[in-house]
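Notebook open, model loaded. I want to look up the nonpolar core and the aromatic rings.

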Amino acid sequence: MTSCLKLEVQTEDQTPHKWYISLAEDEFKRLLSHGNPVVHKVFGEGSLFSPLLFGKFFDPSDAFPLWDFESDSLLSNLRNSGKSSVDWFQTDQAYVLKAELPAGVGKTNNVQIHVEKGKIVEIFGQLKLLQRESQKKDWRSCNWWEYGYVRRLELPEDADWRRIEAYLSIDAVLEIRIPRNLLHSDTSASGVGKNSE
């Protein structure tokens, strides 16, 4: 079994409104056209941080309601092409997200997990390649995708966000375990993880 390092999950958002400038599709294509291999690894197809991860362009800084979708249908195109490095599933006890991080990105001091207002899990970090330039200005309030990476996921209603755990294996696989609040599940009449509307 691969050894894992437990990451700290921060539950107090010390820098609200970090993602000032969204990533439009034409800007993303322009960013990829520069041919930077690090950018291609981080934002390439199949990566957790790719705007095209969910089948159509989706700004990684927008919160995505991952848990409202069946994982087989959501990532089926990428799985069929063999490009997906992301998986998620749910059990009676927890929601689990697993993602292979690109080489150089999956370093413990470069991956940070925040829970924002108990409703959003935010996975982000800064690209080492551009660290010198980013010290001159706040990379989170400019074109953030040129300096770092982010993926924001909406938590399901029955998530026990205070007990979220994150692990990073030595082969750069990030695992986030989100315990389910069993009291909320028992009192809920509708099925959790499914659209009730």
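I started with the largest nonpolar core, which has 47 residues. A core here is a set of buried Ala, Val, Leu, Ile, Met, Phe, Trp, Tyr and Cys residues joined through side-chain atoms within 4.5 Å. Buried means under 20% relative accessible area, exposed over 50%, and partly exposed in between (1.4 Å probe, protein chains only). F43, L66, L97, I113, I123, I176 and I178 touch the most other members.

Housekeeping: this is a predicted model, where local features need pLDDT of at least 70 and side-chain atom pairs count only at pLDDT 80 or more, while totals for chains, interfaces and linings use all residues. Residues are numbered from 1 along each chain as its sequence is written, and side-chain values use heavy atoms, with hydrogens and water left out.

Next I looked up L97. Leaving aside neighbours within four places in sequence, its contacts (heavy atoms within 4.5 Å) include L66, W67, W88, I123 and I176.

Then I went for the rings. Rings of Phe, Tyr and Trp (its six-membered ring) pair if their centres lie within 6.5 Å; planes under 30 degrees apart are stacked, over 60 edge-to-face, the rest tilted. I get 10 aromatic pairs in the whole structure. F58 and F64 sit edge-to-face, 4.8 Å centre to centre with 85 degrees between the planes. How are F64 and F69 arranged? Their centres are 5.6 Å apart and their planes at 20 degrees, so I noted that pair as stacked. F64 is buried at 7%, whereas F69 is partly exposed at 34%. Ring pairs link F54, F58, F64 and F69 into a cluster.
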